[in-house]
Amino acid sequence: LLTCDVLCSGAASPGVWAHLLQTMAYIKQHEPLSVQFFGKLPGERERRFHVAFQGGGVYDAPIGRSDFGRGLLRGLFLRPACHACPYVTADRPGDLTLGSYLGAIKNWSERAEIFDCYYFMADLHSITVRQNPADLRRRTIEQLAQYIACGLDPEKNTLFIQSHVPAHTQLGWVLNCYTMFGELSRMTQFKDKSAKHADNINGGLFTYPALMAADILLYQADFGPVGDDQKQHVELCRDVATRFNNIYGDVFKIPEPYIPKIGARVMSLVSPENKMSKSDKDPNGTVYLLDRPEDIMRKFKKAVTDSDTKRCVRYDLANKPGVSNLMSIYSACTGKTFEEIEAEFDGKGYGAFKPAVGEAVVETLRPIREESERLLKDKAYLESVYKAGAEKASYIANKTLRKVYKKVGFVAK
């Protein structure tokens, strides 16, 4: 009620009331945790409000007749916290796995209803490790096709290739000069990858977080993705942006950590104590979205379980990690609870359970594989998607870059 009272004080046109009805429908589904109203801030002409939503959404903006008339309610509630480009996500080109799909990508399509999402194939990041040029090009396009097949509609999301937007590396160099050596030295990913690639500990691997910060800050993103392997980098991004702003004024929006909806945590089929990963040395441990059905079935038939023979299909993560992993996968693919799965396979052995999990995965991935294969045959369409995405991304990114260049003293073109 407080929200209605304050927002309605700005105007009362039919369009405003229509937006208000949409707003209330949104609130009913996404209840705000808090709504705060403030007086005028120094240098501002209007009061401000701050709304925090469950799930991490935050919006902070001025209240005024002009903002209201231009669709404030749309910006606040229909796409909360996304006046600019609120969510930026990147992934190095490579074969997408069952783990990445069930654990994250499966839920990404929902973000387009809330955020203005930018997804890019991080080919610049990928060359910190030696790549075969032909394979890198192929994997970049395949990843784009798989993203679309997984539900990322190019009409609702911006999809592009990182190297097609030069502002990423241009801002990355500037941010390198405001990122401290000690900060980069503490990055655990640098330590881990240096150990794995001892013969190629290059400068790009060391300064990778500065480029990642540029990836986010270029788009004045409201949110930066936070995962187990990214949390440190997002925290560094915030530190660097704050340092730059303290010197030059309000240049970058400081991204809030965004904790995405977590799907199933999928582990390796042969080493269930480790996360399923494309870097797994045993090819039987990882299932890829483009794997053929017979290959998927073979991998699941070889999946690690245990020697139990009585009531063997039961969820016990501590004592039965392999079986628990298979149950998590089966649950994610069928929607069945662990209790229902245990009842379904009560009195049956792994000889029945493992093929059933494999078949469920085959049917889950079948439409993705088939759509990816169809898209990969339409190279003109894929080219139009990444070119249009790069054009849109460049427009936003270059606005930020020009502002940064002016602040640090570069001569305008």
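Modeller: Helix H11 is mostly covered, with 12 of its 15 residues buried, where buried means under 20% relative accessible area, exposed over 50% and partly exposed in between (1.4 Å probe, protein chains only). Helices (H or I, at least four residues) and strands (E, at least two) are DSSP runs, numbered from the N terminus. This is a predicted model, in which local features need pLDDT of at least 70 and side-chain atom pairs count only at pLDDT 80 or more, while totals for chains, interfaces and linings use all residues. Residues are numbered from 1 along each chain as its sequence is written, and side-chain values use heavy atoms, with hydrogens and water left out.

Biologist: Which residues of H11 are buried?

Modeller: The buried residues include Leu 205, Phe 206, Tyr 208 and Pro 209, and Asp 215 is also among them.

Biologist: Where does H11 bend?

Modeller: H11 bends by about 40° at Pro 209, the bend being the angle between axes fitted to the seven residues ending there and the seven starting there.

Biologist: And what caps the N-terminal end of H11?

Modeller: That is Asn 202, which has a side-chain oxygen 3.1 Å from the backbone nitrogen of Gly 204.

Biologist: Changing topic, why does Ala 397 count as buried?

Modeller: Ala 397 counts as buried because its relative accessibility is 0%. The residue is found in helix H17, which covers residues 379-408.

Biologist: What does Ala 397 touch?

Modeller: Leaving aside residues up to four places away in sequence, Ala 397 touches Val 165, Ala 167, Leu 218 and Tyr 219, a contact being heavy atoms within 4.5 Å. Val 165 is 232 residues from Ala 397 along the chain, yet their C-alpha atoms are separated by 8.0 Å.

Biologist: Where is confidence lowest and where is it highest?

Modeller: Confidence, given as pLDDT (the predictor's confidence in each residue, from 0 to 100), is lowest in helix H4 (residues 72-78), at a mean of 33, and highest in helix H8 (residues 167-176), at 97. The mean for the chain is 79, and 73% of its residues reach 70 or more. Over residues 30-86 pLDDT stays under 50, although the model has 140 contacts beyond four places in sequence for that stretch.

Biologist: How many helices and strands does the chain have?

Modeller: The chain has 17 helices and eight strands, and 48% of its 413 residues count as buried.

Methods. A polar contact is a pair of N or O atoms within 3.5 Å; within protein, one must be able to donate a hydrogen and the other to accept it, and residues adjacent in sequence count only if both atoms are side-chain atoms.
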